[in-house]
Number of protein chains: 2
Amino acid sequence: MSKERLYLFDTTLRDGAQTTGVDFSVEDKRRIAAVLDDLGVDYVEGGFPGANATDTQFLGEKSALKTAKMTAFGMTKRAGRSVSNDPGLQAVLSSRADAICLVTKSSDYHVRVALGITNEENLEGLAQSVKAVVESGRECAIDCEHFFDGYKANREYSLAVARTAYEAGARWVVLCDTNGGTLPHEVERIVGEVTKVIPGSHLGIHTHNDTENAVANTLMAVRGGVRHIQGTLNGIGERCGNANLTSIIPTLLLKSEFADKFETGVTPERLQKLTHASRILDEVLNRNPDRHAPYVGESAFATKAGIHASAILKEPQTYEHVTPESVGNQRHLLVSKQGGKSSILATIERLGIPVGTDDSRVTRLLDEVKNRESVGYSYEAAEASFELLARRMLDTVPRYFSVDSFRVMVERRHNARGKLVTVSEAIVKVFVNGDNEPLWSVGEGNGPVNALDRALRKDLGRYQKHIEGVELVDYKVRILTGGTEAVTRVLVESHDTLSGDRWFTVGVSPNIIDASFEALLDSINYKLMKDNAQAA
Amino acid sequence: MSKERLYLFDTTLRDGAQTTGVDFSVEDKRRIAAVLDDLGVDYVEGGFPGANATDTQFLGEKSALKTAKMTAFGMTKRAGRSVSNDPGLQAVLSSRADAICLVTKSSDYHVRVALGITNEENLEGLAQSVKAVVESGRECAIDCEHFFDGYKANREYSLAVARTAYEAGARWVVLCDTNGGTLPHEVERIVGEVTKVIPGSHLGIHTHNDTENAVANTLMAVRGGVRHIQGTLNGIGERCGNANLTSIIPTLLLKSEFADKFETGVTPERLQKLTHASRILDEVLNRNPDRHAPYVGESAFATKAGIHASAILKEPQTYEHVTPESVGNQRHLLVSKQGGKSSILATIERLGIPVGTDDSRVTRLLDEVKNRESVGYSYEAAEASFELLARRMLDTVPRYFSVDSFRVMVERRHNARGKLVTVSEAIVKVFVNGDNEPLWSVGEGNGPVNALDRALRKDLGRYQKHIEGVELVDYKVRILTGGTEAVTRVLVESHDTLSGDRWFTVGVSPNIIDASFEALLDSINYKLMKDNAQAA
């Protein structure tokens, strides 16, 4: 039986750019567009030419995409102007995009309140705008803003807007839940009713996550009949975000309710690039990936309950609804209190450390991990520290350098002008292995850990070249049993600006400075180990 | 028309504790349980007695909840043992919980693969376990693990498990989508079929977010007939999380499709505490709140599109699906005046600070709070610092003492026996108001903050008697923008062992020592203010 085609329309670079704190450069847009093209989406909505210089430039370039259609976003023409006299619409028409998506009001309330024109003027402007796009030789999509709210208040007018767009020649009429307040069963019902007026093969859906139902609303719309899906990578977007394509795409491909009926430009083979695509976006946005993200999160296939962990090793499908490999992710058995030998073995295997299952060193490693966890270490979120520990016990890791002593001082005092100032300084004394003379480094910082970090990274002799690109990007502190006398756990995230790698290390001590120092040392040693730096 | 009751079962402290990186202390559990009780949920699942020391202790205490039922989690008895000979089940039965929730396998595949027993043995163990709970005089809920997957593979057996639980006397039979792979339309259909066997008034739903449909699946189950909802605050939980009660509750109360038919223990008035409850959990977990979270996120009612912003100013309902006030959140656009001032006024009133609504000092306080929040302060969880600030600006707070300077030193070095040791020392120079001579105090501690705390509390002259019983019980550090160079926010919890009072203070600085110092100073000043200590 031949399958019906679903069309994927990605708006990460346009509606996603409305996210608080997101600001794509032209180079960012090129990079994300290429990732989306590679993944197999049908449309990449690149931006709003005329609205800002970045988007005008990006959509003024010839598209470098292999299969996806580069799409420009704009608004239907204003009332009281002709198409040729509307600078906004002209900016979109004069872009080099392959397709154009225009937004129109489809709720009579918004036509009245936001535009202040008549319902008929709105329909006329819409029809003329669609015709102008079609005449320019490009595919036209129409985003019907506030469609669902409009439909509930004045069904006839919202349908008239959709029909006008379709009859004027729009390839796609996209039903938008702009405020994100519509619920899944309503979407399914309303879409079903709209398909009686416009064929589903010309209908699209655009949802927002304000009730945490954007993904479900999209799936319900497909069940209701639409064949075009708008969304963003990682669900970025204004307020609570847009429909998350990173969750929708695997569901369409891996769940038989959809996979048996439909196919998309994203093939099962290309789907394995999904986790990578998601991570690249986070990297461009300089965000920490959401470890709990469905399908692609680091924890999506992780478990820490002991009974579950042993069952997963027996038969993965007992606790996994799809395989992690299908979306390019990995199974993660957490090294933790509840886990046990089997999950540590699985981690060792994944890290590629060669060892037999009955190797007594593995038992010693397990004991060591348990001892450390009992005093506050946690390797769940600090895999680099775990790998360092495991390779030290099971493999060979050279001793690159040792810190003989350090001193950190924080002083608050009145300066010469009588103002209160605080100064932080650190001094470290390091022996690089094989050298007889110590290296002394001094660092100043805006806090004791920053000063210590700077001193430590200032001079590692012949190893310095390996850590040139390394920076500390996040630093988390947790007090484990309450009070300043309690144990402190520090988690450090490091980033190598040269390779793009990120890794996490942990340190534990009653003293926050000692704990930070340990995590910083692990971070440097991990990098040297990964680089196969040569010991003296 | 009278509405039907929906029962909310929160499992933040049990299934939520399976989240990667989450580790609640007993004190954390007490705090979160009180917040949930205050919000109006019906059941607080507190943990798994017998599985770890924290949960055994927490559920061994008499519940301090006002209306919610404290619930203990456990497993049905093992095959081949009697109820009285099963130590796991006995640990749960001997807890002081008001209700007990037991998990049972409800998929024949899992009975065979994970338990290795016969289908009948499983049913028998279930019936005996339910009866044991009922005989102990407590309400019993049964979590039917893998119900949906089991139902799709062997409908009859899964229904037999549900029926056995119901007939043995379980108040609730909870259908669990343990792997999180079931889709909304399937949940609605299957739940509808189950209600033909067991009345919906005895059915519950428990979903996971592996396809980003946990919220929709829960809503669909309610449409299908269940009347008991399990979920967690902020959707925390293993892998991709559990159903997010923080999104589900407002949808049930604010969307007419549900609100017209149902009511919950969370009244519209209590719903205004939702944002606060969500933030407190993040605070306990030392996480940055998800700013894009539906309903409660900082960006949930924020917009950056110019056209939307002006429309919102004209008529908020044009771009908001519910009002931010209904969930205790704020419109981000109007950040200031309306939302801010009224909530600050409400807090001032609650604290009993006498002030008129048109007092210009309130506006100055509002500006000060906004300035401080923009550089990283957060008063949501540090009310003692807020009260101190407010009373200083609106009322009169004496200046008790001032710290002229301090010096903190941490040194790691080899001691006389060649062992590496770390020493932390602090020196503070304090002027008690009215005295001419400074007081010098030296403190030693197992970290810089502990040393500083000890030095500061060692000698405050005539105020010393007020702080004799004060101790620092928790200390939380959050790095606000990543990296050691970023701003540090420190939250300190203090406890007076004499009065039993607890209070929270905050400090912010690029330097962790400065930030800690500020929070420690606020803590002492707050205590002196509360004691009405006499200034010189």
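This is a predicted model: local features need pLDDT of at least 70, side-chain atom pairs count only at pLDDT 80 or more; totals for chains, interfaces and linings use all residues.
Let's start inside. In soluble globular proteins, nonpolar side chains tend to be buried together. Here the largest nonpolar core has 190 residues. The residues with the most contacts inside that core come from both chains: A:I142, A:V173 and A:L175, along with B:I142, B:V173 and B:L175. Apart from this core lies another one, of 95 residues, and A:I479, B:A384, B:V410 and B:L520 are among them.

Take B:V173 and look at its surroundings. Leaving out residues up to four places away in sequence, B:V173 touches B:I142, B:C144, B:A162, B:A165, B:Y166, B:I198, B:H202, B:L203 and B:G204.

Now over to a helix pair in chain A. Helix 8 (residues 184-194) packs against helix 9 (residues 214-224) at an angle of about 30°, and their axes are 8 Å apart. Angles under 35 degrees count as roughly parallel, so helix 8 of chain A and helix 9 of chain A are roughly parallel to each other. The crossing is right-handed. On the helix 8 side, A:P184, A:V187, A:E188, A:V191 and A:G192 make the contact, while helix 9 brings A:A216, A:N217, A:M220, A:A221, A:R223 and A:G224. Sorted by class, the residues of this contact are 6 nonpolar, 3 polar and 2 charged.

Finally, step out to where the chains meet. Chain B puts 89 residues into the contact and chain A puts in 90. On the chain B side, strand 11 (residues 401-414) gives the most, with 10 residues. That side of chain B has 31 nonpolar, 36 polar and 22 charged residues.

Notes. Residues are numbered from 1 along each chain as its sequence is written. Chains are lettered from A and ligands numbered from 1 in the order in which they are written. A nonpolar core is a set of buried Ala, Val, Leu, Ile, Met, Phe, Trp, Tyr and Cys residues joined through C-beta atoms within 7 Å. A residue is buried if 20 or more other C-beta atoms lie within 10 Å of its own, exposed if 12 or fewer, and partly exposed in between; C-beta atoms are placed from the backbone. Two residues are in contact if their C-beta atoms, placed from the backbone, lie within 7 Å. Axes are lines fitted to C-alpha atoms, for helices over the stretch in contact, and angles run from 0 to 180 degrees between N-to-C directions. Helices (H or I, at least four residues) and strands (E, at least two) are DSSP runs, numbered from the N terminus. Angles under 35 degrees count as roughly parallel, over 145 as roughly antiparallel, 65 to 115 as roughly perpendicular and the rest as oblique. A crossing is left-handed if the near helix is turned anticlockwise from the far one by less than a right angle, and right-handed if clockwise. Ala, Val, Leu, Ile, Met, Phe, Trp, Tyr, Cys and Pro count as nonpolar, Asp, Glu, Lys and Arg as charged, and the others, Gly among them, as polar.
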